[in-house]
Amino acid sequence: MNLSKRWLWEFVQVDDTDRNFAEALTISGSKVESYEHEGAILENIVVGHVEEIERHPDSDHLWVCKIDDGSGEIIQIITGAQNVSKGDYVPVARHKSVIASGDKITAGKLRGLESRGMLCSLGELGLTVHDFPYAIEDGIFILGDDCDKTVGKDIREAIGYDDTIVEFEITSNRPDCLSIIGLARETAATYGAELKLHTPEVKPGIEDVNDYLKVDIEARDKCYRYCGAVVKNVRVAPSPRWMRERLRAEGVRPINNIVDITNYVMLEYGQPMHAFDLRFLEGNHVIVRNAKSGESITTLDGEERALTDEMLVIADEKKPVAVAGVMGGEYSGIMDDTNTIVFESACFNGVAVRRAAKGLGMRTESSARFEKQLNPDDCDICLARALELVQMLDAGDVVNGIVDNYATPKEPVVLPFMPEWTNKFIGIDVPAEDQANILRKIGFTVENDQITAPAFRIDIEHQADISEEIARFYGYNNIPTRELSGVAKATLTPRQKFNNLLEKTAMSCGLSETQTFSFISPRAYDKIRLPEDSKLRDCVTIMNPLGEDTSVMRTISIPSMLEVLGRNYTRKNDKAALYELATIYESNGKDELPNENQQLVLGMYGKDFTYYSLKGIVEKILSTCGIAEYDVEPVKTCPIFHPGRTASITIDGKEVAILGEIHPAVLDNYEIGARAYVAMIDVEYLFEKADLVRIYKALPKFPATTRDLAFVVEADMPVLKIEKAISTAAGKILENIDLFDVYQGAQVGENKKSVAFNLRFRSAEHTLTDDEVNSAVKKAMKAAEELGAVLRS
Amino acid sequence: MRQQLEEIRKNAEAALKAANLLEELDAARVKYLGKKGELTAVLKQMGSLSAEERPIIGQVANEVREYIQNEIDARVAELKAAQQEAQLAFETIDVTLPGEGVEVGHRHPLSIVLDEVKEIFQGMGFDIISGPEVELDYYNFEALNIPKDHPARDTQDTFYITDNILLRTQTSPCQIRAMEERKPPLRVISPGRVYRSDAVDATHSPLFHQIEGLVVDEGITMSDLKGTLDTLAKKLYGPETKTRFRPHHFPFTEPSCEVDVSCFKCGGVGCSMCKGEGWVEILGAGMVHPKVLKNGGIDPEKYSGFAFGLGLERLVMFRFGLDDMRMLYENDVRFLEQF
C-alpha cells in the first residue's frame, strides 16, 4: 500500500522527518518498506516564460526562444518542438540540470546558436498525459491554469509533483490499513496527534433514487450489505489536478472523473466501489445471488468466463452483470454515451469473493481487498463520499437518496476490559486508564469495564488481540527483557546422538556433507534402471509440482547422490567424496502420511577411489557403530550397480547396506564419465543394531604367537568365506586374522589366486605352547582345504 | 722397553691421525692393542724385567694403551658424527613440497549454522524435536488458526499431496505436535525442511529450512520471548548486538512480532547488507495464540507460551556472505570445501 503524505496530511498532521516517520510507524505496527520523493531525480528545472520565439535562421524545424527563467536575465534556448508559443509557461531545464531519464542538460550550440538548456515535455519530467490530460505526448508541456506560473519556481512545486510516497507492508489481518484513513488513524495514535475525519455531505439533488433502482439480496450469507446510488447526466471529463496527483502518488492511473472517483474513495476508505451504466441493468433491478450453473459472463477485460453456482454475482432480472467483488461485466464500463450510472458500495463475504476470484483465476485490486473481509458498517458513508465528489467535480446530477439493503448487520465485538490480564500476559505494568486511552485512540470504545471493537477491526476476537494493541502502542521495545527462569534440562535423544556419530565418522573418512532436494523426478527411477514394477516407484506424488523434476518425494537416496556426482563431474571437478543423511518417504497409501526414514548415502569418484576405498568407509562406519558381526554377499542383479563389483551387507539376514560401483549405463544416464562408487545405508536398521556401549577389556598379559598361512584357491572364491572358515576352525585362541596378500598370476595358475593370512594366537590365561598353536593351525588348514584351498608350500 | 712403548705410541698417534675410515681405525686397534698387537707383544716381554722395573714399565704400558684407546674412541666418534652428518645431508628433501594428507570431509554450511543454533538453545534448556515433512493440512494450517480460504494461505504457496495432506510450509506444525506429545513446562526447538511453491532463484527455493521454537509454561510473558531471542541474537552475532521487535501478524501468535538485529556488517550505521536501515530481519515470533494452545490440548487459562521461527538459509547467507541460495543445494565440491 502506497501512502501519499499530502493526502495523509488532510487527516492528521505530524512534524517529523521521513526517516523518523517510517521508523515510528514501523515500530507501532505498520511496516514501512520504503519512502520516496516524487521527482527526486529532477534537478534545476524551473517554470519559465516564453518572452519571444522565432525560427532558427539555419533550420526549418528548430525554434529560438527567449525565456525568462526567473534568474534575472533572459536566456536563449533552442527547441525542436512545434507547440510552443510566445507567452507560454514551460518547464525549463537550465544549464546543469537533470531530467527524469537521469540525463544531464548543459548549455551548448545548436546549428551555431547558443542554447542554455532545454524546454521539457511531460516525459522528460517523468509524467504522462494521464497526469495532465490537456498536454500533448510529443511536445513541450505548456503549463495550464492548474499550475503555479511563477517564473523561476521549482517545476515540481509548480505542478504538484512533490509529494512523498511511503510504501507500507500491510498484513492480511488489517485490511482497514489498506486505506489513507486507516493509516491516518495509526499515524495519529502513534504520534498522539489529532485525527480529523471528514463526514461527507451530499447536497440535495434531483428526483428519487427509488424510481431508478431496486436492490434485492438473495444470498444473504455472502452479501452482507449493498448500497446503491444513481447519478444522471454524467459529464465525463478529466479529474482536477489535486485528484489526479493523489491517484498518481498511490500508483493508480487517472482515467476520467467517474472512474477516478471510485478509485479515490477506495483508496481513501479502503472500500472498493463500482460504477456501471444503468442502461444495461435490465429492469433497473440489482439482484445479488449465486450464479446458476451454466451461466457465464463476459468480463470487462473481454473474456467470457463460465460461472459456477458457488460464485456470487450481481445480476439484473435477466443476466449477471458482475462477479461480486471481483470484476464487472463488459457493459458495466463508463462509455462515451453513458448518461446515467449506478454507484455500488457493498460488502461481501471474504471467503466467497476469494473462492470466486480463485475459481476464475482473476485476482483484482477489488477482490484482494474484499477477501480479507471488509466492514459493512461504512458502505453508506463511502457511497456518500462518492456522491459528494461527483458534486464537487460537477461530474453529473446526483439523484436524491441511496438504496441501502443491509441484509446481515455485523454484530459488534464486545470483550471484557482486563488490564491486569494484559499486564501479566505481556510482562508490563501499564495503568488501566492508560490502556483504555490507547484503545480509544484507535477507535475502540472502553466503558463500564467493556471494550467494543470498531467495526473496521475485523481481526479482534480475543483478549490477546487487545493485549497486542496495548503492547504495540506501549512499544514492544519498551517491554522489559527477561531470561527464561526455571531449570530445564536439555538432552539429545539416543537417535540424535547416533546421527551425530554417523556424520562425524563419514566426515573423518574424508566425505563432505551434501544437502539435496527431497523431491525428485519420477524419471530418476528410470535413470537408475529400476524395473517398472519396483516398489520404490510407489511414491508420494505432489499434485501441483513446480515441474516434473521436483514432483515426487524420493523413496531412495541414490538418485540425489548421482545427480550431485554428475554435476561435479560435468563441472570438471576431478574428484568428489560425499555423503548425505537423507530422508526418504515411503508411501503408506494415499490417505496416510508416509514413513519418513533416513538413509546414509555415500558417493565418490576420482582416481584415488576404488570399490575397496568405499568398502573401507562402510566398514569403519559399522565398527564405529559397534557392529562386528555381519555378512557380505556379492550382489549380481541390482540394476543400479556393476554386477561384479557390488555387495550387500546384512546383519542377522537383513540388509543394512548395499555398496558398489555404479553400473556404466547408470553412469551414462547421469553423465558421469568416471567410475563412481556409492553406498546406501539403512540408518533405521543400523541404529536398531548398533551397540554403542563400550566396556574396558584388560590388555593382554601373555605373549602372542603368529603364523602365516598362504593358500591357492579358485579365483572366484570369496576371501571372506575362507577367512570365516579359518576363524571358526582355529577356535578362541585365534585373537586376530589379517589378510595380507592376494595374488593372481602365472605362478599360481589360471583361474586361481593366492591368498595369505597372518594369524595371531593368544590366550588370556597362559603363554600358549607350540602344541596348542600347531593344533589350531592344523584345524584352520583343514577347514580351508575343505573349501578347496591348497596350502602353498 | 720404555723406548719401544714410546715408539708404539708415536706410531699409533700418526696412524690414527691419518685414518679417515672406520675400517682403518679398526685395523689400527688390532695392530696396536689387539691380542697379537704390538703393545701386547711388548708386554709379553715384561717377564724379563726386574721386579723394580716391572711396575714402572707396566704403568707406562697402561698409559700408552689408555692413550691409544682414547684416541681411537675419539676418532671413531668424530668419524661417526661426520658420517651421520653426510648421511643427513644426503637425505635432504624439499620440505616445501605439498603434504600428503588425510582428507577430512567438510560439514555443509547449513549444518554448521544449524549446529550452532541448536547448541545455543540446548544451553537454554531446549530439547530438539522433529516432525513429519509430509504433513496433514490440520497440523500445518487448521490447528494453527489458518482455516481453509484464509488469506494467510496465499503467502505460503503450498504443495499438496491430497486435499488433506501437504508438504509442510513451515515448521510450526511441530508446535501442535509438541503440545500433544508433551506436557508443560515445554521448551523445544524443531529444525527441519519446509516447502513452498517458489521457483528457484538467488533468494528463493521450493525447499528450505526453518527452526521452530516453542516455550509453554505458567506465567510466560512477552518479556521471556524478548529475553530468549535477545540471547539468541547476542550468541549468534556477538554481545554488542541489539535487537528490535516490530509488531507483525501471524495467525498462530498474538501478539506477533518480527525481530531485527542491529546489522552485523555495519553495526547499525546503515550499509548495503541492511539496505541502509541498520537493521536486519532474522525471525518472526509471538505469544502462542490461545486457540492454538487449546488445539494442542493445553489450557490457555492456566498456561501461556511463546513461539518463534527462524529461516536457516537466511542465517547461513548472512554468516558466510553468500548471495545465491542455489549454491547450498548444488553441492559443488569447490563450494563445500570452503567450509
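## Basis of the model

The structure is predicted; local features require pLDDT of at least 70 and side-chain atom pairs count only at pLDDT 80 or more, while totals for chains, interfaces and linings use all residues. Residues are numbered from 1 along each chain as its sequence is written, and chains are lettered from A and ligands numbered from 1 in the order in which they are written.

## Overall form of chain A

Chain A contains 21 helices and 40 strands; these are DSSP runs numbered from the N terminus, helices being H or I of at least four residues and strands E of at least two. Along the principal axes, its C-alpha atoms fill a box of roughly 125 × 80 × 60 Å. The radius of gyration of chain A is 42 Å, whereas a compact globule of 793 residues would have one near 28 Å (taken over C-alpha atoms; the globule rule is 2.2 Å times the number of residues to the power 0.38).

Of the 793 residues in chain A, 44% are buried. A residue is buried if 20 or more other C-beta atoms lie within 10 Å of its own, exposed if 12 or fewer, and partly exposed in between, with C-beta atoms placed from the backbone.

## Domains 1 and 4 of chain A

An automatic or database domain assignment supplies the domain bounds. Among the domains of chain A are domain 1 (2–38 + 164–191) and domain 4 (416–478). The centres of these two domains, taken over C-alpha atoms, are separated by 21 Å. Their contact takes nine residues from domain 1 and ten residues from domain 4, where contact requires C-beta atoms, placed from the backbone, within 7 Å.

On the domain 1 side, α2 and α5 of chain A are the elements that give two or more residues, and α5(A) gives the most, with three residues.

## Packing of α2(A) and α5(A)

Helices α2 (residues 18–28) and α5 (residues 180–191) of chain A pack at an angle of about 95°, with their axes 10 Å apart. α2(A) is therefore roughly perpendicular to α5(A) (65 to 115 degrees; under 35 is roughly parallel, over 145 roughly antiparallel and the rest oblique). Axes are lines fitted to C-alpha atoms over the stretch in contact, and angles run from 0 to 180 degrees between N-to-C directions.

Ala24(A), Leu25(A) and Ser28(A) of α2(A) meet Glu186(A), Thr187(A), Thr190(A) and Tyr191(A) of α5(A).

## Lys235(B)

Lys235(B) lies in helix α8 (residues 222–237) of chain B. Lys235(B) counts as partly exposed because it has 17 C-beta neighbours inside 10 Å.

Note on methods
Contact = placed C-beta atoms within 7 Å.
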